[in-house]
Amino acid sequence: MDSFIDTLKTNFKENTPILHEEILSLFSSFDSPRINNLINNEIKKGNLIRYIKGVYYLPKRDPLTLVELKPTPLEVMNKKYIYSNGNYYGLYSGLSLLNTFGLSKEIPSSYYIVSSKESSLKRELIIDGVSFTLSKSRVPVTNKNLYTYMLVELVYLNKDKKITGVPLEKIKSFIKTNHISKEDTKEIMNHYPSRIYYDMIHSGIYQLL
């Protein structure tokens with residue numbers, strides 16, 4: 001039978017984020033206290049590194065410089081709060097989302113993430129000098145509602161500003177490509193403040209659905 005660390009090395013690549021729940025699932029026949037002890041033992045040996053709470057990685061050194069490599073803050077946050085194993089449970093909001101559709105050119109000072117994996121209404125987190133703002137999603141984010149959620153969130157951030165030109169064309173293409181319907185959009189809008197209905201109509205987006 002393979003050792004605990006050998007099993008991790010078989011199932012996960014070096015220098016990539018590993019979620020605590022992935023380890024629990026991999027060793028489903030073990031209870032949580034035993035798994036936590038095994039994790040802590042490997043951390044003490046230097047075979048496993050804890051990046052932040054609930055996220056680990058198998059260390060790797062650059063073959064030329066021998067400098068220890070590690071995942072980037074974005075890689076860690078993407079896996080912990082946005083996407084893993086084919087499933088979405090979060091999305092980027094704030095200026096990152098506005099910039100994606102050309103509604104802003106401002107460089108964000110913090111990456112704003114909305115996630116089903118977050119329980120706080122809003123909290124700040126800095127990892128290796130990179131700032132993140134985390135917020136609990138209004139409804140659970142899934143593969144099915146991801147793009148609809150992004151659209152509603154985009155309009156909410158843009159408030160009641162009319163959308164025209166290149167941004168409007170990008171949104172039209174986004175709606176068509178991802179088959180976003182009026183019914184699905186209403187379902188998400190119901191969980192936003194009531195002004196979202198005015199914003200949707202005044203921005204010109206609701207009429208595209």
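In what sense do strand 2 and strand 3 pair, and over how many bridges?

## The model

This is a predicted model, in which local features need pLDDT of at least 70 and side-chain atom pairs count only at pLDDT 80 or more, while totals for chains, interfaces and linings use all residues. Residues are numbered from 1 along each chain as its sequence is written, and side-chain values use heavy atoms, with hydrogens and water left out.

## The open sheet

Strand 2 and strand 3 (residues 55-57) pair in the antiparallel sense, over 3 bridges; two strands count as paired if DSSP finds at least two bridges between them. Helices (H or I, at least four residues) and strands (E, at least two) are DSSP runs, numbered from the N terminus. Ile49 stands opposite Tyr57 in strand 3.

These strands belong to an open sheet of 3 strands, with the order 1-3-2 and antiparallel pairing. Strand 1 (18-19) and strand 2 (49-52) are the edge strands, each of which pairs on one side only.

## The largest pocket

The largest pocket holds about 240 Å³ of space, a volume being the space filled by probe spheres set on grid points that are joined across faces, edges and corners. On a 1 Å grid over the protein atoms alone, a pocket is an open set of points where a 1.4 Å probe fits, with protein on both sides within 12 Å along at least five of seven lines, and lining residues have an atom within 4 Å of a point.

Of the 15 lining residues, Tyr112, Val114, Ser135, Arg138 and Glu153 are the closest to the centre of the pocket. Strand 9 (111-115), strand 11 (130-136) and helix 6 (146-158) are the elements that give two or more residues to this lining, and helix 6 provides the largest share, 4 residues.
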